[in-house]
Structure formats: structure tokens, C-alpha cells
Amino acid sequence: MSLPPGFLDELRNRLSLTDVVGRKVMWDQRKSNAGKGDMWAPCPFHHEKTASFHVNDKDGYYYCFGCHAKGDAITFVRETENVSFMEAIEILAREAGMPIPERDPQAQKQADKRSQLAEINEAANRFFRLNLSQQGGAQARAYLDRRGMKPETRERFEIGYAPPGNALLRALKDQGISVEMAIEAGVVAKPDDGRDPYDFYRDRITFPIRDARGRLISFGGRAMDPNARAKYLNGPERLLFDKGAALYNHGPARAGCGKGQVLVVAEGYMDVIAMAEAGFDATVAPLGTAITERQLQLMWRMSDEPVIALDGDKAGLRAAFRLIDLAMPLLQAGKGLRFAILPEGQDPDELIKAKGREAMQEVLDGALPMVALLWRRETEGKVFDSPERRAALDKSLRDAIRPIADPSIKGHYGEILKDMRFELFRGKRSEQQGGGERRAWTPGKGRFNGGRFGKGPAVPTEGLKASLIVSGDETQADLMREAVVLAVLVKNPGLALDFLSQLEALQPRTEDHAALLYALLTHAEVEDADELHEKILNDVGRGPLDRLLSHPHVQITPPVRKPDREVAQMCLTEELAKLKARRGYKAELDEGLVDLLAAEDEKVTWRLRQAAEARNKATKAEAEDKTEFDTAENGLELSRDERDAFRALLNRIAPEGQK
């Protein structure tokens, strides 16, 4: 609805923002100056203890220096009451004594009809509640008693009983309500085959469904007959009722959220009632179907991070997994979901009755973030013992988070999932290698720590470090290879996905290299060079990246100097293989030396020999590249090192004059 020019300005002028806000906060008298309209209070939006929420009554605006909430009187009512813009206008206009602008004739006609339908539902509700208290409702009352529902709870939630037959239809006719309007309200049904209309709810316990404004828009009905086709039945969708855009217990839950409670989403009517009886007033339920996008938006208007409390059976988990896919494209900064999985075979009503409120609170306190449940969905019950299966996991995780529109949220999801993947596969290697100490990645810190992630290289003693057998340290060569690998990945974005397992197994020797590697793994999916460069700068700063790319050995590397995916792949394959061989040899050498000092063992010497051979094969090409040759008299090439070694041998065998 469009508002006349100047209406909002007049509304704001008539209202005091201090009065509007003052209904929700306690002013800090020490900081506030009421005469100047300069008021301070603890923020009503993030429930702080200090007074960082500032109201400037003269300008008509508020601002919180803690959570940065800001706005005017209309914004404040919208946020604190969880109402729409026009609903906030109506609330403030009534308070200011201003007439609400007339709607256009068609809209007014629709609004009038909705009001009539809500009144018909109210009449039906009075009829149902009366029937519950009479003789015909004895069986329904006995059922509610068995479920432990107290009489005061029945009154609070307006529980009723719809008797068999067409008693409601007759009662509505007696009140002058037409059959057509009763059908439109959803309490009377008309068969398609031309038969007479009949009561929609028959022999059912009734649960009134109200919208956020308190209008009675429909009912839910629980069958008393165990053989009924539908155990629970919602009203038909009509002008007044859209079950995909409504929540059971919406209004009271919104009020509970306003008092600081966390919004809990249960599965059914009885769960909501049991939660409310236990003190969890901010509880809602979808209306017999999977949660819809519109219901999610309603939840987020009440709470930034609703807790989805689902039954712990397979059906409950399937519902949670479906909700993940629905929520992914809707995620915004500060708006998410958590999942509280109840013990298998129990719903909130059963858990509270069996173990009390504390047990339910413990379940809610242990609610998982959505990323954890996503990981569970993609990995639970699966084995990742081959490259193909691991690649399938990578693809499923990428596909799952691809719909996230916010690039920052998607980046954080990718980072956490990579950490989980790293832990999973490193754990697998730990089991295969028999346990022991291994350095583990510390997420977000660009370094490794000493977690237990499998068997790693033994640390040689100071005596061993000084011995001749380990004095030929190749640390600098390793650093150069690491630098080449990282630089090639920086200049050829997207390649990290092809080498994930090798890169995750790489243990950088410097803090710079560790930070760069982690940034590259975090943004492995980025395929634009400028975008990747910018993300790495944001993660690690300019220093580590500049030091990496300025090294002469890195600058002369072909795929760094001139990025080319095919050349880069070959370069990475070779450099990573050599690093693996060198470090594998060093690990075996360190462990073998320690073992040799303890006891003579042929297995140890065999391990050293095998590691040395692997290392020699990997570095053979490099050694050949550095060899210098002379041409002999017969035209053959002779290694200068071999020639010099041969002459030295002859000198030891015979004096120079005897050769």
C-alpha cells in the first residue's frame, strides 16, 4: 500500500523516539540527559549489560556502539516486535492518534473478507472448546490427561474437540454464517462430486493456528480414531491460510524471542506445547510439512540462529538434511541454523516427560552448526579408502556449498570443510601407520601444532644431529622446492584441486610457507588469478607473498614467469614427488639412527637402504643436470667427477712416477 506524501514525516514528528524505545529498555540515568533528548541504555538487540545503545531524540535516530543496530522509530518497532513495515506503521499511527490511510477499494475488500473469515474461525474455536468440556469430549480429555497436558495448558493453547458428524455446520448456520463463508474459512468442506457440505474436522482434538498478529487463520486436528487416514490434519489452504507461510505458536514464540530466548523449531503441536510447559516459550512448529523458504524467513525475523530440534530417528535426520539444502542459498551474515538432534526414538515431549527440562536444555546447548551436520551427511557410513572416493567427497562438498550466495559465508564454509577433510584423511593415515605423534594443522593460524595425527618423523638427538651421517642437510633445497610449488599454485589458480592430497601431506618448513599453503588450500576453487592474489593478500598479508615471489629461483621457474596450466602440472608433479622422496628418506634416516643406537637390526638397515634408493631415483635427474663432461680422445663423453675420482684412485695405488 502506498502512503500519502508527508505521512511518515508527520508520524515521526508526533512521536518521541525516547517514548517508543523506553517501553523496551531501562535508561542509564548517569549517562542520559532527558532534557536534551540524549538517552543511553543497554542494547535491546544483543542483551548487553553496559549502556552502549544511544537514542538521539532530536534527530529521531538510535545507534548501538556494540552491535551497530541503527534506525528510527519504525525500524525499532519492526525489529523488536518482529512485524512488517506496514504493521509497524499501524502500531505507531494508533499510538500517535493518526488515522491510517485508506487502502484501495480492492485491497480493502480483501482485508474485510479476511477479517470475516477470522471471525468465523473464532466462532468455530469457541464451539470446539465448549465441546471439549462437555460429555462428548470425555475421550479427548482422557487422551490429553494421558499425555500429561494440564488443564491450564489446555486453556493457554485453546485446545478443543470437534465432535463427529456435522455439528459445527449446524452451529454456524444458527449464528447466521453462510455455508460458502464457512467453506472459505476452512472449517467446512464441500465434496467435488456434488454431495452436501460437511464438517472438515470430525472426531479430532483441535489446535488453533494463529498468525503473528494473533488472527485465527486455521486449525490442526489430531484424530481420536487410530484407524483414521490422517493422524494429524491441517485446514485447507484458503485466502486466510497458507500453511507454507505460517508457524504454530508464532505470536507467543516471537514474544519469547524478544525476552532473549533462543527460537526452537520442533516438529509438531504436542512438542511445542510440551516445550512451552517446560519454560521454552520461544518454540514453533511447521504445519505438518517440511520447512519452507517462507517459514525460514519468518524464523530469521524472530531469531538470528534458530535451533532445529528434530527427532533422533532416520526421518528426523532426513528432514534436517533436506533443510540444509533449502537454507544454503538463503544464508546471510549473522543468519544461520543450528541442529539439536534428540536421542533416537524420542521427541521433545517424550524427552521432557522422561528426563525433565534439564535434559532438553542439554540437548539444545549441544546443538550443532549447520556445517557440522552437512559434514555428517556427506561422510557418515562411508569409506574413503581410494582416490576416487575421496574425489567424490570433494565434489559433493563443493556441490553442497555452491548455492551459498554470500562469498564470505561460502569461503568460511569451504575453510571449515577443508579442515574437517584434512583431519579425516590424516586420521586415516594415523590408523594405517599405527599411531604416534605428528604435526597437525591449526586452522586459521597458518601453522602446525603437535596434535596426535599419526606416526611422523622421529626427532634425532643433538649427538645425532652433529654426526657425519646427517651433516649433509638439504633444508635449503627443500625450502626452494616448497617455494616453487607455492609460487606455481599462486600464478596458476585452480591447480590446487588436482594436488589436494599431496599438498595436505606437505609439511612447510617456515611460517610463511605454512600460511601461504593454508591460504591456497582455503581458496583452491578460485580460478581467477587476480581474485586468488587478492584473497591470499587478505589472509596472509603482503610480506609472505612478496618474499615468495621475489626470490630469484622462483622467478625463473617457467610456469611462474609465464603461467601455463600444462607446464605447471608437470612442474608440480615433479617437485612434489622429489619433496616426498627427500622427506621420506630423512624420516627413515632419523628413525633408523635412533633404532641403530638401541640395537642392531637387519630390518633397520633394509629400511635405510630402501629409502636411500627411493631418494636417489627421485634426485637422479637433478644430479645428472649438474654433472660436467669432458670429451675424450676417442670422442666419448666422460664425467669430470668420475675422471677425477679415477685419477685419485690411481695415485693411491701407485706413485706418480710408476704409472
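1. Helix axes here are lines fitted to C-alpha atoms over the stretch in contact, with angles running from 0 to 180 degrees between N-to-C directions. By that description, helix H22 (residues 511–522) and helix H24 (residues 542–549) cross at roughly 100°, their axes coming within 10 Å, and H22 is therefore roughly perpendicular to H24 (65 to 115 degrees). Helices are DSSP runs of H or I, at least four residues long, numbered from the N terminus.

2. The model is predicted, so local features need pLDDT of at least 70 and side-chain atom pairs count only at pLDDT 80 or more, whereas totals for chains, interfaces and linings use all residues. Residues are numbered from 1 along each chain as its sequence is written, and side-chain values use heavy atoms, with hydrogens and water left out.

3. In the pair described above, Asp512, His513 and Leu516 of H22 are in contact (heavy atoms within 4.5 Å) with Pro544, Leu545, Arg547 and Leu548 of H24. By class, this contact of H22 with H24 has four nonpolar residues, one polar and two charged, where Asp, Glu, Lys and Arg count as charged, Ala, Val, Leu, Ile, Met, Phe, Trp, Tyr, Cys and Pro as nonpolar, and the others, Gly among them, as polar.

4. On the H1 side the contact involves Phe7, Leu8, Leu11 and Arg14, which meet Phe85, Ile89, Leu92, Ala93 and Ala96 of H4. The contact of H1 with H4 comprises eight nonpolar residues, no polar ones and one charged residue.

5. Helix H13 (residues 314–327) and helix H16 (residues 370–379) cross at roughly 115°, and their axes come within 10 Å. Here too the crossing, of H13 past H16, is left-handed. From H13, the residues Leu317, Ala320, Phe321, Ile324, Asp325 and Ala327 meet Met370, Leu373, Leu374, Arg376 and Arg377 of H16. Sorted by class, the residues of the contact of H13 with H16 are eight nonpolar, no polar and three charged.

How values were computed. Helices (H or I, at least four residues) and strands (E, at least two) are DSSP runs, numbered from the N terminus. A crossing is left-handed if the near helix is turned anticlockwise from the far one by less than a right angle, and right-handed if clockwise. Angles under 35 degrees count as roughly parallel, over 145 as roughly antiparallel, 65 to 115 as roughly perpendicular and the rest as oblique.
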